[in-house]
Amino acid sequence: MRAWPAGPTLQRLWLASTSGNLGDGISKTALPLLDASISRDPIVVASVAAVASLPGLVFTLPFGALINGFDRCTLLIVAHTARGLLLGLLAFVLGTAETLAYGTAETLVPSLVDSAHLEDANCALYATSVTGNEFIGPPLGDQLFAAVPGLPFLVNAVSFLGSTALILALPRQPARRAARMVA
């Protein structure tokens, strides 16, 4: 790839893409590991992220009263069913947002670089995507999960927030109106 002058706006997009793709790669292995650990040992779920400890603080007393007033097997079935459905929904929502983000990032590039450098800019973003999603993120996700099961999700959340902060600094462009189809 030839050297290309990446201005500050493209650098922000590239860094945002790098951050998001690394987070995606981390989740690629961490989420299945979490699913496997949930099916064998639900206590591991408590470390999914630092924020996951907050519900324990807030709901321990009310849930204690609930547990004492209902059949425990039924409550456990409801809790496990809810967790499974929520993880499935979360995976679907994450996949949907990922599809939107990738499509949007690709169409943003032509407005950030001149046409002479468009191919190089697209190549850089594609290389970052593949590297983060396939080569760096998955093994990093494995290692983070092995250290603390919730850590890859915390790192992933931080990567998306960092990506958002970088994208906020990009110049805004009005949306193009869709061309009306004439029959």
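The buried residues of H5 are Pro152, Phe153, Asn156, Ser159 and Ser163. They lie on the same side of H5 because they cover an arc of only 115 degrees around the axis, taken from the directions from the helix axis to the C-beta atoms.

The model is predicted: local features need pLDDT of at least 70 and side-chain atom pairs pLDDT 80 or more, while totals for chains, interfaces and linings use all residues. Residues are numbered from 1 along each chain as its sequence is written, and side-chain values use heavy atoms, without hydrogens and water.

## Asparagine 156

Asparagine 156 belongs to helix H5; helices are DSSP runs (H or I, at least four residues), numbered from the N terminus. Its relative accessibility is 6%, so asparagine 156 counts as buried. Leaving aside residues up to four places away in sequence, asparagine 156 touches Gly23, Asp24 and Ser27 (heavy atoms within 4.5 Å).

## Nonpolar cores

The largest nonpolar core has 9 residues: Leu10, Leu13, Leu108, Val109, Leu112, Val113, Ala121, Leu125 and Leu170. Such a core is a set of buried Ala, Val, Leu, Ile, Met, Phe, Trp, Tyr and Cys residues joined through side-chain atoms within 4.5 Å. At least two residues of this core come from each of helix H1 (8-40), helix H3 (72-112) and helix H4 (118-147). H3 supplies the largest share, 3 residues.

Apart from this core lies another, of 5 residues, including Ala30, Leu31, Leu34 and Phe145.

Key. Buried < 20%, exposed > 50% of the residue type's maximum accessible area, 1.4 Å probe, protein only.
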